Amino acid sequence: MENVVIHEKVIDAQARGVPVVALESTIITHGMPYPKNIEVAKKIECAVVEEGATPATAAIIDGVLRVGLDEREFERLGQGEGLKKISRRDLAAAVAGRWTGGTTVAGTMILASMAGIPFFATGGIGGVHRGAETTFDVSADLRELGETSVCVVSAGAKAILDLPKTLEVLETWGVPVVGYKTRRFPSFYSPASACPVSLTADSPQDIARICHAHWKLLGMKGGVLIANPIPHEFGLPEEEVEVAIGAAVEQAAQQGISGAALTPFLLATLERLTKGKSLEANIALVLNNARLAARIARAFAEVSKEGPGAP
Ligand code: PSU
Ligand code: MN
């Protein structure tokens with residue numbers, strides 16, 4: 001795809017058959033404060049390298065779609081002004097208007113797919129917002145998972161969302177939701193919610209086989225969502241998070257915050273209300289997801305070698 005600039009180190013890894021893991025950048029531009037955001041983005045890349053894969057953070061710099069960033073580009077995203085949050089509907093405007101910004105889960109899936117990278121690690125996906133029955137606020141991430149053939153490793157979705165409705169929409173779009181060593185959909189800061197997942201896998205190999213069956217054996221399009229619970233020691237007490245979320249949702253309604261601004265507003269308010277504890281949990285779970293994504297990408301390379309009749 002000639003409109004994407006793939007970093008040399010990523011092209012080199014692809015040529016040598018080293019698995020690649022795509023990473024998103026809205027977490028840098030809209031998810032965490034500077035300089036923590038840059039620090040964490042680099043730690044995530046290191047976690048992927050430690051697991052034997054090559055990281056490729058996606059973003060848009062001066063209207064150029066980039067997969068794999070260098071030092072200078074990370075700095076731009078970390079402390080630049082007027083940075084955009086770029087989802088599917090924003091891509092054309094970003095290119096035509098030479099925007100610089102972070103790509104959401106949906107945006108990153110599109111860039112990863114253009115660059116031929118089927119595995120992607122993030123923190124949490126966007127979903128159906130609470131009160132969506134009146135606002136119709138449903139993240140474009142869900143439709144993208146239905147459409148684009150990338151496996152997204154997440155810690156589920158934040159309880160700022162309506163989790164049962166989010167899972168219903170994923171079902172409508174035909175997205176396999178695979179709980180990693182769990183039968184319950186994780187809710188980001190907590191290892192489990194009350195909602196069941198449709199599938200459970202106990203190893204990266206099991207997940208790789210599901211992806212292989214989905215894309216290669218059945219020839220279907222569309223994403224696979226991996227729900228990887230936050231490690232127990234980093235989870236936050238559920239009652240405390242629930243109170244803070246209730247307050248954040250209420251503040252958003254009072255201030256009339258809606259649309260693309262809603263998720264960043266809720267995340268920032270939550271951070272304040274939990275006195276930074278949510279940030280530490282966020283970092284722990286993203287690193288956990290990056291490691292798992294790298295292990296799945298490696299396992300997928302092995303499973304693909306076993307040939308079309310592989311189990
Ligand atoms: N959820 C999080 N942290 C995040 C996001 C979601 O816990 O940083 C970001 C992701 O980039 C996601 C986007 O793709 O917010 C969803 O935004 P919206 O609901 O506007 O589609
Ligand atoms: Mn929205």
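The model is predicted. The chain contains 13 helices and 11 strands. Its radius of gyration is 18 Å, close to the 19 Å that the globule rule gives for 311 residues, so the chain is as compact as a globular protein of that length.

**Overall dimensions and packing**

- Along the principal axes, the C-alpha atoms fill a box of roughly 55 × 40 × 35 Å.
- Buried residues make up 55% of the 311 in the chain.
- Of the contacts between residues at least 6 apart in sequence, 74% join residues at least 24 apart.

**Surface and charge**

- The chain has an accessible surface of about 13500 Å², and carbon and sulfur atoms account for 54% of that surface.
- There are 30 positive and 35 negative charges in the chain, and their mean positions lie 2 Å apart.

- Strand β2 spans residues 20-23.
- In a regular strand the side chains alternate between the two faces of the sheet.
- In β2, V20 and A22 point one way, V21 and L23 point the other way, and all are buried.
- β2 pairs with strand β3 (residues 54-61) in the parallel sense, over four bridges.
- The bridge partner of L23 in β7 is A121.

Terms used. Residues numbered from 1 in each chain as written. Chains lettered and ligands numbered in written order. Predicted model: local features only at pLDDT ≥ 70, side-chain atom pairs only at ≥ 80, totals over all residues. Heavy atoms only, no water. Helix = DSSP H or I, 4+ residues; strand = E, 2+ residues; numbered from the N terminus. Rg over C-alpha atoms; globule rule 2.2 N^0.38 Å. Buried < 20%, exposed > 50% of the residue type's maximum accessible area, 1.4 Å probe, protein only. Contact = heavy atoms within 4.5 Å. Areas by Shrake-Rupley, 256 points an atom, 1.4 Å probe, with all protein chains shown as cover. Lys, Arg positive; Asp, Glu negative; His and termini not counted. Charge placed at Lys NZ, Arg CZ, Asp CG, Glu CD. Pairing = 2+ DSSP bridges.
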